Amino acid sequence: MNHNAVTHGNAPGAPVGAAWVSAAGLAWVNGLLPMDLDNPSKALAESVEEQSRQIMRNLDQLLKAQGLDRQQVLAVTVHLRQMNRFGARFEKVYAGFFEGSHIPTRSLVGVSELPREALVAMDFVVHAG
């Protein structure tokens, strides 16, 4: 099995070393945080909505670099702090991330902490082959 790991530009070293790992026609994008990948020292947005949108912009950059788009996303795992406080607000903005009949499977997991005190982080499984 071939294994390929790709880091993205200025993405900081998160607990997982690579932003993109692919094997056997699938790719895993793990630990995407709501930071501006071109300016990672910039403060995170304060709202869960804008943090979620930033993660999707980051995903779009990673997908585009591989010649892919959101239509290839198969599964999403969302790590959300303070689920009781932010869950409904997250759900509202998440509903606009995928269009038409393409809706990947999704898990929503409540967590107590995330790097950089982010409110949300996401993992993705992508059909890359």
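Q: Where is Gln82 found, and between which elements?
A: Gln82 is in the loop that links strand S4 (73-81) to helix H2 (83-94), where helices (H or I, at least four residues) and strands (E, at least two) are DSSP runs numbered from the N terminus. This is a predicted model, in which local features need pLDDT of at least 70 and side-chain atom pairs count only at pLDDT 80 or more, while totals for chains, interfaces and linings use all residues. Residues are numbered from 1 along each chain as its sequence is written, and side-chain values use heavy atoms, with hydrogens and water left out.

Q: Which residues of H2 are buried, and where do they lie around the axis?
A: The buried residues of H2 are Phe86, Gly87, Phe90, Val93 and Tyr94. They lie on the same side of H2, because they cover an arc of only 145° around the axis, the arc being that of the directions from the helix axis to the C-beta atoms. The face turned away from this buried side carries the exposed residues Asn84, Ala88 and Lys92.

Q: Against which elements do the buried residues of H2 pack?
A: Contact means heavy atoms within 4.5 Å, and the buried residues of H2 pack against helix H1 (48-65), S4, S5 and S6.

Q: How are strands S2 and S3 joined?
A: Two strands pair if DSSP finds at least two bridges between them; here 3 bridges join S2 (residues 20-23) to S3 (residues 26-32), and the two strands run antiparallel. Ser22 has Ala27 in S3 as its bridge partner. The hairpin of S2 and S3 has 2 residues between the strands, and Ala24 takes a positive phi near 55° in this hairpin.

Q: How many bridges pair S3 with S6?
A: S3 and S6 pair over 5 bridges in the antiparallel sense, and Ala27 stands opposite Val126 in S6.

Q: What is a nonpolar core, and which residues have the most contacts inside the largest one?
A: In soluble globular proteins, nonpolar side chains tend to be buried together. A nonpolar core is a set of buried Ala, Val, Leu, Ile, Met, Phe, Trp, Tyr and Cys residues joined through side-chain atoms within 4.5 Å. The largest nonpolar core here has 26 residues, and those with the most contacts inside it are Met122, Phe124 and Val126. The elements that give two or more residues to this core are S3, H1, S4, H2 and S6, and H1 gives the most, with 6 residues. A second, separate core of 7 residues includes Met35, Leu114, Ala118 and Ala121.

Q: Which residues does Phe124 touch?
A: Not counting residues up to four places away in sequence, Phe124 touches several residues, including Trp28, Ile55, Leu59 and Val76.

Q: Where does Ser47 lie, and which residues does Ser47 touch?
A: Ser47 lies in the loop between S3 and H1 and is partly exposed, with a relative accessible area of 24%. Leaving out residues up to four places away in sequence, Ser47 touches Arg89 and Leu119.

Key: Buried means under 20% relative accessible area, exposed over 50%, partly exposed in between (1.4 Å probe, protein chains only).
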